[in-house]
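Subject: Structure handover

Hi,

Here is the structure I said I would pass on. Please have it open while you read the notes.

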Amino acid sequence: MLTETPSFSIIQETIDQSISFEKIPTNIYADSKKASAWVAKEMAKVINEKGKRGETCVLGLATGSSPKTVYAELIRLHKNEGLSFKHVISFNLDEYYPMTPDSIHSYHRFMRENLFDHVDILPGNFHIPDGTIPLAMLSNYCKEYEQRIIEAGGIDFQLLGIGGNGHVAFNEPGSLQSSRTRLITLDQSTRAAAATEFGGIHLVPKKAITMGVSTIMNARQIVLLAWGERKAPVIQQAVEGVVSEQNPASYLQAHPNTRFVIDERAAAELTRIKTPWLVDDVTWNDSMTKKAVTHLALKLEKPILKLTNRDYNDNGLSDLLVQYGSAYDINIKVFNKLQRTITGWPGGKPNVDDTNRPERANPVRKRVLIFSPHPDDDIISMGGTFQRLVDQGHDVHVAYQTSGNIAVADDEARRFMEFVVDFNNAFAIQSDQASDMLKETDTFLQQAHEMDTAALRHVKGLIRRGEAKATCRFVGIPPENAHFLDLPFYETGLVQKNPLGEADIQIVMDIIRQVQPHQIYAAGDLADPHGTHKVCLDAIIEAVNRLKSEDFMKDCWVWLYRGAWAEWDIHEIEMAVPMSPDQVMKKRFGIFKHQSQKDGVVFQGSDDREFWQRAEERNRGTADLYNQLGLAEYEAMEAFVRWKF
């Protein structure tokens, strides 16, 4: 785990009778890899049991990012442990419409690349809705798809994901429990979530063919997957809320054999995680006490120092009173802990007692290494702290882990190429190669394409590199302190990246060895919808673990920041760096250096605000929380959690 929040390698595989909030059995695992191993094992058990009886096993399969790790584990079981798919028939949940099977966005292609091409399933035994069926024939086609499921004997094991709005398959909010396989219009939020893969929301199909809720509910066993904190609110509503057509996943409460399998971050809003003292006895250590008291104060909209014995008793926290004696004693303890997280000296304050400060006073001048997954995460996520570290005299380095080239629009890249041609002409610089490259690019961009040319990708990477350099000049670090790692896992030319590899880890290790930092800042923002942040963090964690025995690492602390999508919970924060109105404005101007990411980002996600707007709202929100809890009022704050390796 990255924080002091209790870590659960497997929190619970079955629901304890004392937990009355959850209406669907829910397994919570430390990460998606452990969760996926359990799910794949369950699927293999069903396949093998049916096989022993000489029966066909019928699987309902899902697409999207969530099941990828399950399919990878099924492939491993097939190759290493003899799991056979020869007697498996599968039916996929959905497909975009219209969509050709060979398109990079097609679920036909997704299933071949992520499962079918790697196991021994018979070619005629897997079924995926056909996105090329003429509209006039589609109604009959959907009825036939249902009939094929019935003729196969019904679905034995149905694998599901869940959308941010609660959709299962493409059954959007408003779908009825009696719905069957049909053509459906996609919700705007669903299309926005898919914009990353398609290169913009305008390219995402507006319709899809989907199995209906009733079709899914007829499966004998259902497992729903969810990873990451972005899914936490909708998971809580589905598991603990009322059954509602506004959250189609909640229909699963009525299924006799359904289980949700989720990771810790997706479980964050469940009662047993968010307020565990309401469902079971807890160990009242400092971390749990801080979590309970801040939650109580925010719930009651009272500063911590105004909480009373009655407040604790009326909200399930009488055990805290027994342990500490009075509300006053608890309040003072937690208030002081929160107050000590606030510092205007993120690199440590020299010549003072640092016993209760987040960072060490010595050495006075620290070597600092900020890892930025994309070329703008440093300024967006911790621009105020970045500036403070430079202003206070530390030796600050930034390591940009990826080129970020796919996030540059085609028109933006073409504009730069045209500028080079015009520049050459204006100053009588002979460069036929630049003119030819522009012509070739114009011809290329007029065609449908899945991947940019190498030259176009390189230009896009140069644009983002130039913007990062401009930010570093603006903040005040020398050019040699900006390091562009261009990790290989990212350089596929596609939204889909390669897995983290040994070359990536070695590059990260090399820059850490070169700088020998006293502080490392890394993106712990696993809510990043593109997945790049997680891979970049995994590379840092692996590199640090390999290097931790080296002498210079004994003086190294690792601080994790969040990005534009989420912030640390108030009880998790271990260092909060306040910003004045002037510092907020300066950070905004630093973000503006990334002009290619303004005015409509290629991969905007479901939030259409620009990154400076997201960052300012998040930073002001953090400051407001501290103020609500009764601490000093600041314009904005950037928050960090220390990872103790």
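This is a predicted model: local features need pLDDT of at least 70, side-chain atom pairs count only at pLDDT 80 or more; totals for chains, interfaces and linings use all residues.

Residues are numbered from 1 along each chain as its sequence is written, and side-chain values use heavy atoms, with hydrogens and water left out.

**Annotated region**

UniProt, in an unreviewed entry, places "domain: Glucosamine/galactosamine-6-phosphate isomerase" at residues 31-254. UniProt positions follow the numbering used here, feature names are shortened, and annotations may be inferred rather than shown by experiment. Over residues 31-254 the chain is 37% helix and 15% strand. The end C-alpha atoms of that stretch are 27 Å apart. Helices (H or I, at least four residues) and strands (E, at least two) are DSSP runs, numbered from the N terminus.

**Helix 2 and helix 3**

Helix 2 spans residues 68-81 and helix 3 spans residues 107-114. They pack at about 40°, with axes 10 Å apart. Axes are lines fitted to C-alpha atoms, for helices over the stretch in contact, and angles run from 0 to 180 degrees between N-to-C directions. The pair is therefore oblique. The classes are: under 35 degrees roughly parallel, over 145 roughly antiparallel, 65 to 115 roughly perpendicular, the rest oblique. Lys68, Tyr71 and Ile75 of helix 2 meet Phe110, Met111 and Asn114 of helix 3. Contact means heavy atoms within 4.5 Å. These residues divide into four nonpolar, one polar and one charged. Nonpolar covers Ala, Val, Leu, Ile, Met, Phe, Trp, Tyr, Cys and Pro; charged covers Asp, Glu, Lys and Arg; the others, Gly among them, are polar.

**Helix 13 and helix 16**

Helix 13 (residues 377-391) packs on helix 16 (residues 454-475) at about 30°, with axes 10 Å apart. They are therefore roughly parallel. Their crossing is right-handed. A crossing is left-handed if the near helix is turned anticlockwise from the far one by less than a right angle, and right-handed if clockwise. Helix 13 brings Asp378, Ile379, Phe386, Gln387 and Val390 to the contact, and helix 16 brings Thr471, Phe474 and Val475.

**Helix 14 and helix 15**

Helix 14 (residues 410-426) and helix 15 (residues 432-445) pack at about 155°, with axes 9 Å apart. The two are therefore roughly antiparallel. This crossing is left-handed. The contact includes Met417 and Val421 of helix 14 and Leu438 of helix 15. By class it has seven nonpolar, three polar and four charged residues.

Best wishes
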